[in-house]
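Me: I would like to learn how to read a protein structure feature by feature. Can we start with strands and sheets and then go to the ligand?

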Amino acid sequence: MAYSKMVEKAQKPLKAKVSLLEGEDILTASQFNREQLSVIMNSAAYYEKALAKKKILRDMDGKIMAALFFEPSTRTRLSFETAMHRLGGSVVTVAESAKAQTSSTAKGESLHDSITAVDKYVDIIVVRSPIKGAAEIAANAAEHPVINAGDGAGQHPTQALLDIYTILKEKGTLNGLTIAVVGDLKYGRAPHSLVELLSLYDCNFIFISPKELVMPKDITEKLLSKGLKVEETDNLLKAAEKADVLYITRVQKERFSTAEEYERVKDSYVVDDSIVEKGKGGMLILHPLPRVNEIAVSVDKCPGAAYFRQAGNGVFIRMALLTLITGNLL
Ligand code: NCD
């Protein structure tokens, strides 16, 4: 299986390669080039192999990461924290919600001020916010590297990196694939970042969504201008017949202005056993999680259902990012 081969072959990246990312903030998927992506993928595989061999790693020894999550998170936050702990570093944090009474955000402090202060305490800052563009504000306020862990309906670059790592492991390549992206393509930051990253490779795209939730025009036009094939449809079954990868996302309830608007579209697409049966052979099913109703639980046992393996890969990708951008990959 491609999985073990890629990880088995992983070597420690050369110093010259590591420096390609040193000092960078991670704000948007469009900031990367192919060479940087290859360094990140190799470094993640190198860490995956090291953990599989039960190595004790100290690359971030003495370093502190701030996890500032002003919006709910389970996987992203815990995998960043796990990554830091696995590397011998430590984590400081505030409660999950901006409304929580434990941080100064609840007192009306601006993100800029919070970050300017936190930057004096730590070596690296991970920030999630309901506001598009928040990570950029944080990066402008901080001297230390900032990682965008999701900015409203904007971008989620670290999710996209673990998504392509998963595709590479499971399919052995990113080229020549038909990628079907289903669900809330308007507000979903995970699909926004994913297709931006994949646009560096030779992929065909099929976007499946209700008409209210289509992919933003600027993103689709960017793909087309690169000569990539993009098909937009509302027919999930037809798309599944052609898809090497079926990437399904939750309708982003928190971004709707009224409950009625959300109710109208919330269960538009469900991947069930019949979609898997009629879908292309070997189709990989991905989901950034959390799942609401988009994938029937019975699908979990299919060999192509990779969403929990995908979540597991988040730790390796985040270990790679933490060490690469701080220059601590030993
Ligand atoms: C995604 C997010 O927060 O954008 N989840 C995640 O980070 N794993 C997707 C979602 O919430 O639907």
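Me: In β3, which residue is the bridge partner of Ala-66?

Reply: This is a predicted model, so what follows is a reading of a prediction. The bridge partner of Ala-66 in β3 is Ile-125. To read a strand pair, look at the bridges and then at the direction of the two strands. Here five bridges join β1 to β3, residues 124–129, and the two strands run parallel.

Me: What is the order of the strands in the open sheet of four strands?

Reply: The order is β2-β1-β3-β4, and the pairing is parallel. Edge strands are found at the two ends of such an order. In this sheet they are β2 (90–93) and β4 (146–151), each of which pairs on one side only. Neighbouring strands of the sheet are turned against each other by 20° on average, direction ignored.

Me: Which strands does helix α4 lie across?

Reply: Helix α4, residues 75–86, lies across β1, β2, β3 and β4. For a helix on a sheet, also read the angle to a strand. Helix α4 runs at about 175° to β1.

Me: How many strands form the open sheet that contains β7 and β9?

Reply: Five strands form this open sheet, in the order β7-β6-β5-β8-β9, and the pairing is parallel. Because β7 (229–233) and β9 (284–286) stand at the edges with a single partner strand each, one side of each has no neighbour in the sheet. From one strand to the next, the twist averages 15°.

Me: Which residue of β6 stands opposite Ala-180?

Reply: Ile-206 in β6 stands opposite Ala-180. The strands to look at are β5 (residues 178–182) and β6 (residues 204–208), which run parallel and are joined by five bridges. A helix belongs in this picture too: α9, residues 217–225, lies across β6 and β7 and runs at about 145° to β7.

Me: Which backbone atoms lie 2.9 Å from a nitrogen atom of the ligand?

Reply: Read such contacts atom by atom. A backbone N or O atom of Pro-288 lies at 2.9 Å from a ligand nitrogen, and a polar backbone atom of Leu-289 is also 2.9 Å from a nitrogen atom of the ligand. With Gln-159 the side chain takes part: one of its N or O atoms is 3.3 Å from a nitrogen atom of the ligand. The ligand taken alone exposes 320 Å², and the protein buries 93% of that.

Me: Is the peptide bond from Leu-289 to Pro-290 cis or trans?

Reply: The omega angle is the value to read for a peptide bond. The bond from Leu-289 to Pro-290 is cis, with omega near 10°. Pro-290 is found in the loop between β9 and α13 (307–326).

Me: Where does Lys-54 lie, and what is its phi?

Reply: Lys-54 lies in the loop between α3 (34–52) and β1 (64–69). Its phi is positive, about 60°, although Lys-54 is not a glycine.

Terms used. Residues numbered from 1 in each chain as written. Predicted model: local features only at pLDDT ≥ 70, side-chain atom pairs only at ≥ 80, totals over all residues. Heavy atoms only, no water. Polar contact = N/O pair within 3.5 Å; in protein donor to acceptor, adjacent residues only side chain to side chain. Areas by Shrake-Rupley, 256 points an atom, 1.4 Å probe, with all protein chains shown as cover. Pairing = 2+ DSSP bridges. Axes fitted to C-alpha atoms, helices over the stretch in contact; angles between N-to-C directions. Contact = heavy atoms within 4.5 Å.
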